[in-house]
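Subject: Structure for you to look at

Hi,

Here is the structure I promised. Please open it and read my notes alongside.

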Amino acid sequence: MSAVRELLTVVGDFKKEFKDEFIQRVKRRTPVSNHPLTAGTLQRGWDGEVLSDAIEITNEVEYASFVEYGTRHMSPRRMLGLTILEADLIADIAARKVRQ
């Protein structure tokens, strides 16, 4: 395998591990409703995609932004924002997994 191909493989593996660790952490911070029809919907809504130049983390649940940023009736939960603050730690964990 050429050095360039090997490097691209390592970078791709790193981005996948980073995405997986990030999603795992943001899901742990995401509140779960007690309502029987919506329990866990927001938590299950987290998804990620590895792009050529980025990692995209999304949650398509319509009320995700209200939970993240809060409203005048509800305090912000900041599950995404707090996880972003851990990016260096997540990168270290991903790098260790790729080295194994």
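Asp-47 sits in strand E1 (residues 46-50); strands (E, at least two residues) and helices (H or I, at least four) are DSSP runs, numbered from the N terminus. Asp-47 is partly exposed, at 46% relative accessibility. Buried means under 20% relative accessible area, exposed over 50%, and partly exposed in between (1.4 Å probe, Shrake-Rupley method, protein chains only).

This is a predicted model: local features need pLDDT of at least 70, side-chain atom pairs count only at pLDDT 80 or more, and totals for chains, interfaces and linings use all residues. Residues are numbered from 1 along each chain as its sequence is written, and side-chain values use heavy atoms, with hydrogens and water left out.

Now the salt bridges. The whole structure holds six. Each is a side-chain nitrogen of Lys or Arg within 4 Å of a carboxyl oxygen of Asp or Glu.

Lys-16 pairs with Asp-20, with the closest N and O atoms 2.7 Å apart. The two are four residues apart in helix H1 (residues 3-29), so about one helical turn separates them. Asp-20 also forms a salt bridge with Lys-19 (3.0 Å, N to O). Lys-16 is partly exposed at 42%, whereas Lys-19 is buried at 15%.

Glu-86 forms a salt bridge with Arg-29, at 3.0 Å between the closest N and O atoms. Glu-86 lies in the loop between helix H4 (79-84) and helix H5 (87-99) and Arg-29 in helix H1, so the pair ties together parts 57 residues apart in sequence. Shared partners join Glu-21, Arg-25, Arg-29, Glu-86 and Lys-97 into one salt-bridge network.

Best wishes
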